[in-house]
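Me: I have a structure open here and have not looked at it before. Can we go through it step by step?
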Amino acid sequence: MRIVVDLNRCLGYAQCAFLAPEVFKLNGEEALMYDPNPDEATRLRVLRAAAACPVQAIVVEDRLDETHKV
Ligand code: SF4
């Protein structure tokens with residue numbers, strides 16, 4: 001799966017880093033680092049993190065959707 005975080009929106013609330021620490025990390029107070037291609041094993045946590053982000057800065061692009069296109 002692929003994720004994109006809109007860092008202009010991100011306000012460093014760190015909900016994502018709390019819910020999926022292997023994917024999202026806060027560097028200092030507000031610099032978010034993240035893995036743009038997280039392992040499938042983290043899917044549920046990544047989806048929870050995206051849902052929990054107060055400013056909806058996390059966009060999840062699902063590879064499955066692409067394979068379903070004809
Ligand atoms: S939860 Fe949203 S606002 Fe907070 S650090 Fe993560 S991406 Fe940024």
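Me: How do the residues of the shell around the ligand divide into nonpolar, polar and charged?
Reply: There are 11 nonpolar, 2 polar and no charged residues in that shell. Ala, Val, Leu, Ile, Met, Phe, Trp, Tyr, Cys and Pro count as nonpolar, Asp, Glu, Lys and Arg as charged, and the others, Gly among them, as polar. This is a predicted model, where local features need pLDDT of at least 70 and side-chain atom pairs pLDDT 80 or more, while totals for chains, interfaces and linings use all residues. Residues are numbered from 1 along each chain as its sequence is written, and side-chain values use heavy atoms, without hydrogens and water.

Me: Which residues come nearest to the ligand?
Reply: Cys10, Tyr13, Ala14, Cys16 and Cys53 do, of the 13 residues around the ligand. Being near takes a heavy atom within 4 Å.

Me: Other topic. How many salt bridges does a search of the whole structure find?
Reply: The search finds 3. A salt bridge is a side-chain nitrogen of Lys or Arg within 4 Å of a carboxyl oxygen of Asp or Glu. One of them joins Glu61 and Arg2, with the closest N and O atoms 2.6 Å apart. Glu61 is in strand 4 (residues 58-61) and Arg2 in strand 1 (residues 2-5), 59 residues apart. Strands are DSSP runs of E with at least two residues, helices runs of H or I with at least four, numbered from the N terminus.
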